[in-house]
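Subject: Structure handover

Hello,

Please find the structure below, followed by notes on what turned up in it.

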Amino acid sequence: MEDEAKLDDGHLRASVGMRRRSTSVSEDYSVQKTNDDASECKYSAVKLSYWEDEFLSKFVHSLSPSELFRDPEISRGYWARVTAITSIVKQFVERVGSSAQIVNLGCGFDTLYWRLKKEEKKFYLFVDVDFSSVTARKIKQIRKPGTPDLTATFSKPISEDHHTDLHCGDYHLVGADIRQTKELHQKLVSTGIDFTQPTLFVSECVLVYMTTAQSAFLVKELGAWFSTASFINYEQVHMNDVFGKVMLENLQKRGIGLLGLNACEDLDTQRNRFLSNGWTEARAWAMNDVYTMLDSSEVKRIEKLQMLDEVELLSQLLDHYCLVYATKGTSESHANLMDISPK
């Protein structure tokens, strides 16, 4: 993705390049639309009290009851996803302390920064990264007057660049195509991030939209840039069975292709993406297993919010998503980062 193919004929090179960009823009737009879908699913679950997120309403337009409705399986799946990822992030921050850095890749309208600040978690830097078209929309909503005031938590006054990048002390929102690692590196430098300090990367259904070569290169580069790093990756797994193929067909009907499916074959292929690219430790859990690891009292509470018609459907859904936690460069002073797990 870093370079166009080297073709001898100049006209052919231009023609192929134009077709590639056109196709890429179309595919990227479909991928970006999944942000709206995810935000609405989360908002639906929040409105039903699966978890608290007072900040999400700033990013989701008012929906009618019929538009807001999501099947119980979807709401429980999002609850498990948000709960597990938030738990790992909190553990990382608590173990590292005020020097911790978090980079949210393909952040969309995620509100993790504000949720951490509400709980008074201490960290040095939080960086949200997404396509420039997404970050421009997010900046507009962040600046939008009303309650809650999303700008009140920033440690410094807002500095905006090209309507796509926002710098606010401990919070940064930057527009970048993370497949273009040179661009990503430049944007990270612009935030003042410290490459020598422990940094946690969060990726939710992002790597799967790249080719396996692109995601492998990204993972390798991130590991090379940072002395001590951890990585949370949430995405599909076990996609070769009947249920997985139905999921793929539904996505394809919406113009969404999963280019990185080779890494989603099973938990081993998910782990190996990291282990074969410079990361020293990587553990993976199917979301079915994660669900059983989460606080039992909370599980009982959320299971009363909506009744399931088919428990088997939830089990199948959870079995086709996974959570990977990888680490590298964990010196003796940060050895406790290796045994973090969802809970």
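At 67% relative accessibility, His162 is exposed, because the cut-off for that class is over 50%. The coordinates come from a predicted model, so please read everything here as computed from that model.

His162 sits in the loop between strand 3 and strand 4. Its phi is positive, about 60 degrees, although His162 is not a glycine. His163 is in the loop between strand 3 and strand 4 as well, and has a positive phi of about 65 degrees, again without being a glycine. His163 is exposed, with a relative accessible area of 59%. The peptide bond from Thr147 to Pro148 is cis, with omega near -5 degrees. Pro148 belongs to the loop between helix 5 (132-143) and strand 3 (159-161).

Overall

The protein has 12 helices and nine strands. Of its 343 residues, 53% count as buried. Among contacts with a separation of 6 or more, 77% are between residues 24 or more positions apart.

Strand 5

All five residues of strand 5 (residues 171-175) are buried, so the strand is largely enclosed by the rest of the structure. Tyr171, Leu173 and Gly175 point one way, while His172 and Val174 point the other way.

Strand 5 pairs with strand 2 (residues 125-130) in the parallel sense, over five bridges; here Tyr171 is the bridge partner of Phe126. With strand 4 (residues 165-167) the pairing is antiparallel, over two bridges, and Leu173 is the bridge partner of Leu166. Strand 4 and strand 5 make a hairpin with three residues between them, and Gly169 in the turn has a positive phi of about 85 degrees.

Nonpolar cores

The largest nonpolar core contains 74 residues, and Val89 and Leu323 have the most contacts inside it. Helix 3 (residues 72-96) supplies the largest share of this core, 11 residues. A second, separate core has 31 residues, including Leu125, Leu188, Ile193 and Ala284. Leaving aside neighbours within four places in sequence, the contacts of Leu323 include Ala84, Ile85 and Ile88, along with Trp285, Met287 and Pro342.

Annotated positions

An unreviewed UniProt entry lists Arg81, Gly106, Asp177, Ile178 and Glu204 under "binding site". From this set, Arg81 and Glu204 are part of the lining of the largest cavity.

Arg81 is in helix 3. Its relative accessibility is 10%, so Arg81 counts as buried.

Asp177 lies in the loop between strand 5 and helix 6 (181-190). With a relative accessibility of 15%, Asp177 counts as buried too. Not counting residues up to four places away in sequence, Asp177 touches Phe131 and Glu183. The side chains of Asp177 and Arg179 are joined by a polar contact of 2.8 Å.

Regards

Conventions. Residues are numbered from 1 along each chain as its sequence is written. This is a predicted model: local features need pLDDT of at least 70, side-chain atom pairs count only at pLDDT 80 or more; totals for chains, interfaces and linings use all residues. Side-chain values use heavy atoms; hydrogens and water are left out. Buried means under 20% relative accessible area, exposed over 50%, partly exposed in between (1.4 Å probe, protein chains only). Helices (H or I, at least four residues) and strands (E, at least two) are DSSP runs, numbered from the N terminus. Two strands pair if DSSP finds at least two bridges between them. A nonpolar core is a set of buried Ala, Val, Leu, Ile, Met, Phe, Trp, Tyr and Cys residues joined through side-chain atoms within 4.5 Å. Contact means heavy atoms within 4.5 Å. UniProt positions are given in the numbering used here, feature names are shortened, and annotations may be inferred rather than shown by experiment. On a 1 Å grid over the protein atoms alone, a cavity is a set of points where a 1.4 Å probe fits but cannot get out, and a pocket is an open set with protein on both sides within 12 Å along at least five of seven lines; lining residues have an atom within 4 Å of a point. A polar contact is a pair of N or O atoms within 3.5 Å; within protein, one must be able to donate a hydrogen and the other to accept it, and residues adjacent in sequence count only if both atoms are side-chain atoms.
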